[in-house]
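Colleague: Could you take me through one part of this model in close detail? I would like to hear how the packing works there.

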Amino acid sequence: MTLQLNDTIVALASAPGSGGRGIVRVSGADVKDVVSSHFTPVDAARWESTRVAERHVGEWRLLIDSPWDDAPLRNGLRLPVAVCFWPTNRSYTGQSLVELHLVSSPPLLEALLTQLTQTGCRAARPGEFTLRAFLAGRLDLLQAEAVLGVIDAADHEELELALRQLAGGISHQIAAFRSDLLDLLAELEAGLDFVEEDIEFVSRESLSRRIGDAQQKVAELCDQASRRLTSSSRPKVVLAGLPNAGKSTLLNALSGQSAALVSDVCGTTRDYLRVPFDRDGLNVDLIDTAGWDKAASGIDAVAQQMRDEQWQNAELIVWCSDLSADDRQREEDEQLFADVSRERHRLLRIGTKADRQSASIIASPSTIAVSATTRLGLDELCKRMRETLAIDTRGQRQLLGMTASRCQESLFAARDALRRTEDAISLGIGEDLIVIELRDVLEHLGHIVGAVYTDDVLDRIFSKFCIGK
Ligand SMILES: Nc1nc2c(ncn2[C@@H]2O[C@H](COP(=O)(O)OP(=O)(O)OP(=O)(O)O)[C@@H](O)[C@H]2O)c(=O)[nH]1
Ligand SMILES: [Mg+2]
């Protein structure tokens, strides 16, 4: 798509067909000249001096090609018309804009559009008015997509979601942490100019905290995008944790079936297993996965990969920490859980094997102690799963489906880049390298809001619109 912004475009903005009112939209630098040559306002002085958005009424002289020489249309038809005129850039498109309101008669509207295209206007392409709004900074890409979401909304909830996105709900959230990261980048770059001197522009502590905040927010959006794109209507709840934590035993206890193989050998589960679970209003797919093993190779590495795939698409992760584990395993579990918490928004932690004599006291009150053997804590676990998943009602979703599919890749890339930034900070790596990672994060976030875009992306988004929007 070539971006032409200075010509004047015209299109029918109302639904085609007969009706009480048809609306023709004209946008561009020459709007006033084009309209003035056909429009006779009732109050000519007011029309001439229009400085702010105003509505004018008057007559439109419409020239119609008539096959009959003596037809009354030969000298043009005088149509009553209302003209809404936005003379400045405070219009939808960010440039002079006019809407002509008249009776919606298909031949009349067609004649009007022909007349306008013959006198200086170009027929607008699909979504071109909204594209101009985006390029003029009146909307960001998320809001532009929401315009389409409002038009295409199939029900009340979809409409509410689209309106929230259009009003800038999600845009403002992303803008806020993106702006903080931009400030951080500026501070780090300023610091690079003074490396020789001992001036610290950003402390490592502040750096780490601000990156951590952004990680939380991006993780939440990644979660939402994944959930929006999962096709199954039943939410997926993945049981995860170190090998031997008791995941498979828990799946069997919850589902009341001996579906999963259980043994005291680490790494029993390799494939993942999905079991439908429907109890007390909790209707989910429970998924047992391979234990977390960073050092896995061969077939175990494939098992880890399968677990990751399930994990990415899960609505909820139930993290199983073995309460009877020794100190070394406990430390490893803490470390892993901390990593997962940073990336995962919807996460429940449980302490397994609570019946064992060696089971230790749980440190955090939010951790639920369970025993698959005695069924201790299973009701509480179900209740917490239900509550956590209930938070994700459609009304609280923030991303439209089309936005989620366009942004998912950028969100995941931003999340990975943030993780690399965090690793670089914790390893004490120099700020010059942190700056590179941070720029990468910002580039991906820029793609989401449209601060960074390519013609291809714009083409893909706006070609879905109808003409006139
Ligand atoms: N006492 C007791 N033992 C349990 C409980 N849950 C699991 N176990 C035992 O812990 C061992 C490991 O259980 P699994 O369910 O196979 O553990 P897992 O997390 O699926 O292990 P991997 O598949 O290897 O990752 C088995 O010997 C189980 O019998 C429990 O609640 N109480
Ligand atoms: Mg298992």
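Predicted model: local features only at pLDDT ≥ 70, side-chain atom pairs only at ≥ 80, totals over all residues.

Modeller: Residues are numbered from 1 along each chain as its sequence is written. Leu161, Ala162, Gln165 and Leu166 of H6 are buried, a term for residues with 20 or more other C-beta atoms within 10 Å of their own, C-beta atoms being placed from the backbone. These four lie on the same side of H6 because they cover an arc of only 135 degrees around the axis, taken from the directions from the helix axis to the C-beta atoms. The buried residues of H6 pack against helices H5 (141-152), H7 (169-192) and H13 (401-426). Just after H6, Gly168 has a positive phi of about 100 degrees.

Now for the cores, each a set of buried Ala, Val, Leu, Ile, Met, Phe, Trp, Tyr and Cys residues joined through C-beta atoms within 7 Å. The largest has 66 residues, and Val10, Val26, Val98, Val218 and Leu411 have the most contacts inside it. Helix H8 (residues 204-229) gives the most to this core, with eight residues. Leaving aside neighbours within four places in sequence, Val218 is in contact with Leu411, Ala414, Arg415 and Leu418, contact meaning C-beta atoms, placed from the backbone, within 7 Å. A second, separate core of 30 residues includes Leu250, Val284, Ile287 and Cys320.

Methods: Chains lettered and ligands numbered in written order. Buried ≥ 20, exposed ≤ 12 C-beta atoms within 10 Å, placed from the backbone. Helix = DSSP H or I, 4+ residues; strand = E, 2+ residues; numbered from the N terminus. Contact = placed C-beta atoms within 7 Å.
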